Amino acid sequence: MSSELPVLKASDFASDQDIRWCPGCGDYSILAQMKKMLPDLGLPQEQIVFISGIGCSSRFPYYMNTYGMHSIHGRAPAFATGLRVTRPDLKVFVITGDGDSLSIGGNHFIHMLRRNVDVTMVLFNNRIYGLTKGQYSPTSPEGQVTKSTPMGSVDHPLNPISVALGAEAGFIARSVDSNIKHLAATLYRAAQHRGTSLVEVYQNCNVFNDGAFSYAQDKATRADTTLELEHGKPMIFGKNRDKGVRLNGLRPEVVDLSTGISHDDLLFHDEQADTALVHILAKMRHPEMPEPIGVFRDVEKGIFEDQVRGQLNTAVEKKGAGDLVKLFASGETWDVE
């Protein structure tokens, strides 16, 4: 019998379930790019697991021909952490939305990032609660009128990239649902990273928050409104590649390259840079600045489950394998040594 894996195609990762997202939803693009990217990882389907919470995005595992788990609201990181600790042979993805991961699941989101569990998390950010028909979410901008904020939201929105940096996540990236080439490449890089990798995807909810990211999605405008980050290269953008970003003190500013400013005067992107510089990028927002897309940060850190298993192995070597039945029968209290 041959031990070589069969060559898989995108269609091999499609399940037989009817997709129940609204026609035109940005989720379709993320699903398609994920299925296109997975064969490049060279893993069999039975070695891949998608875990989700609650929300439109969290129906994702139903549509993948892999293992999957549709868990409870905001708790997908906890399920993913347990699975990685007990089954290190599996490739684990967490699929979540801005409401799922940044509101009820905010605590789990932060701690998975700081622990650096080897999980790839894809955060669908549409700045709205779509499944429950249009309430404002933690990423909705101030003043946004929704069904739950008829006078406009007075909350200050969370920036997922800034939150991830605060948790000192090792891999942080952003992409856009309609920019399919960029999205597929970003998902692939995130999946290859060892440790927690976060990809925020600007995703259009065409029913309850249509056009929230139109400036970044429209092919006619995105070259002038977004900045594609490339490691080691100067920050240049614009349809005619005639604009750049440089630092003025600690403030970024847009400069016109037709005025004699050279590339050497610009800010160069460094994925291993100190988080202070990456925080500056995270705060760049349209329309004052082009919004960065791509990999903000890519650094190696100790892996949570490696260290947990290492401690368990050490304990067994020193004290032998435990006997849970014997422990339970030994009394009503136990000493932890």
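Which residues in α2 meet Phe-304, Glu-305, Val-308 and Arg-309 in α10? In the predicted model, the residues of α2 that do so are Thr-81, Arg-84 and Val-85. By class, this contact of α2 with α10 comprises three nonpolar, one polar and three charged residues. Helix α2 spans residues 76–86 and helix α10 spans residues 304–319. The crossing of α2 and α10 is right-handed.

The crossing in which α1 passes α6 is right-handed. On the side of α1, the contact is made by Ser-29, Ile-30, Gln-33, Met-34 and Met-37. Helix α6 contributes Ile-180, Leu-183, Ala-184, Leu-187, Tyr-188 and Ala-191. The residues of the contact of α1 with α6 divide into nine nonpolar, two polar and no charged.

Two open sheets are described here. One of them is built from eight strands in the order β2-β1-β3-β4-β6-β5-β11-β7, with mixed pairing. Its edge strands are β2 (67–70) and β7 (226–228), each of which pairs on one side only. From one strand to the next, the twist averages 20°. Strand β1 (residues 48–52) runs parallel to β2, and four bridges join the two. Within this part of the sheet, Ser-52 stands opposite His-70 in β2.

Helix α1 (residues 27–37) lies across β1, β3 (91–97), β4 (120–125) and β6 (197–202), and runs at about 160° to β4. Helix α9 (residues 275–282) touches β5 (171–176) and β11 (291–298), and its direction makes about 160° with that of β11.

The other sheet is open and contains three strands in the order β8-β9-β10, with antiparallel pairing. Strands β8 (236–237) and β10 (251–256) each have a single partner strand and stand at the edges, so one side of each is left without a neighbour in the sheet. Strand β9 (residues 243–248) is joined to β10 by six bridges, and the two strands run antiparallel. The bridge partner of Leu-247 in β10 is Pro-252.

Two features of the backbone may be considered together. Most residues other than glycine have a negative phi, and most peptide bonds are trans. Asn-116, by contrast, has a positive phi near 65°, and this residue lies in the loop between α4 (106–115) and β4. A cis peptide bond, with omega of about 10°, joins His-286 and Pro-287. Pro-287 is placed in the loop between α9 and β11.

With regard to annotation, an unreviewed UniProt entry lists residues 54–201 as "domain: Thiamine pyrophosphate enzyme TPP-binding". Over residues 54–201, the chain is 32% helix and 19% strand. The end C-alpha atoms of this stretch are 17 Å apart.

Notes:
Residues numbered from 1 in each chain as written. Predicted model: local features only at pLDDT ≥ 70, side-chain atom pairs only at ≥ 80, totals over all residues. Heavy atoms only, no water. Pairing = 2+ DSSP bridges. Axes fitted to C-alpha atoms, helices over the stretch in contact; angles between N-to-C directions. Contact = heavy atoms within 4.5 Å. UniProt positions renumbered as here; feature names shortened; annotations may be inferred. Left-handed = near helix turned anticlockwise from the far one by under 90°. Nonpolar A, V, L, I, M, F, W, Y, C, P; charged D, E, K, R; others polar.
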